[in-house]
Amino acid sequence: MKLHHIIESQQFDTQTLEDLFMKADSFQNGHVDKCLEGKILCSLFYEPSTRTRLSHESAMIRLGGEVIGTEAAGMFSSAAKGETISDTIRTIQHYCDTIVLRSSDDKAANIAAAVSDIPIINAGCGSQGQHPTQAL
């Protein structure tokens, strides 16, 4: 299964999970290639979460990529001026290769995925929403 966006835990089939965990095991044994060299991750956090943000950012760096972003997007982005999540994603996707999104809105990841040409990774959305990377 090829994934474009990671929005919910239920989208993973058994084979994809097995492949993913096998790859993760190889990293624990010291085999970390720089497969994301030249790639940029945008860490777009509307809601605070130090562990989640840093885990995504450190993984990107360890795999050779770079990170841009904000940990307080609601206060320090155009959202403070009323820009919608759709408009933000449409703009930000031109600066990076993947967006990791954290929001208090249960629907934010689905909205972002609907308008984004690059992968969206849901890093937790709302109190009733999904948090697939934590579930994994």
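Leaving aside its neighbours within four places in sequence, which residues is Arg102 in contact with?

## Arg102 and its surroundings

In this predicted model, the residues that Arg102 contacts, apart from its neighbours within four places in sequence, are Leu44, Phe45, Tyr46, Glu47, Pro48, Ser49, Thr52, Ala123, Gly124 and His131. Arg102 itself lies in strand E3, and, because its relative accessibility of 13% falls under the 20% cut-off, Arg102 counts as buried.

Strand E3, in which Arg102 lies, belongs to an open sheet of four strands, arranged in the order E2-E1-E3-E4 with parallel pairing. At the edges are strand E2, residues 66-70, and strand E4, residues 120-125, each of which pairs on one side only. From one strand to the next, the twist averages 15°.

Strands of a sheet pair through backbone hydrogen bonds, and the pairing may be parallel or antiparallel. Here, strand E3, which spans residues 98-103, runs parallel to E4 and is joined to it by four bridges, with Leu101 having Asn122 in E4 as its bridge partner. Strands E1 and E2 also run parallel, and five bridges join them; Ile40 stands opposite Glu66 in E2. Strand E1 is largely enclosed by the rest of the structure, because five of its six residues are buried.

## Helices against the sheet

Helix H2, made up of residues 50-62, lies across strand E1 (40-45) as well as E2, E3 and E4, and runs at about 175° to E1. Helix H4, residues 85-92, also packs on the sheet, where it touches E1, E3 and E4, and its direction makes an angle of about 160° with that of E1.

## The largest pocket

Rolling a probe the size of a water molecule over the atoms shows where empty space is left. The largest pocket in this model has a volume of about 1400 Å³. It is lined by 35 residues, of which Ile6, Leu20, Ala59, Leu63 and Ile121 are the closest to its centre. The elements that contribute two or more residues to this lining are helix H1 (14-28), H2, E3 and helix H6 (132-135).

Conventions
Residues numbered from 1 in each chain as written. Predicted model: local features only at pLDDT ≥ 70, side-chain atom pairs only at ≥ 80, totals over all residues. Heavy atoms only, no water. Pairing = 2+ DSSP bridges. Axes fitted to C-alpha atoms, helices over the stretch in contact; angles between N-to-C directions. Contact = heavy atoms within 4.5 Å. Buried < 20%, exposed > 50% of the residue type's maximum accessible area, 1.4 Å probe, protein only. 1 Å grid on protein atoms, 1.4 Å probe; cavity = no way out; pocket = protein on both sides within 12 Å on 5 of 7 lines; lining within 4 Å. Points joined across faces, edges and corners; volume = space filled by probe spheres on them.
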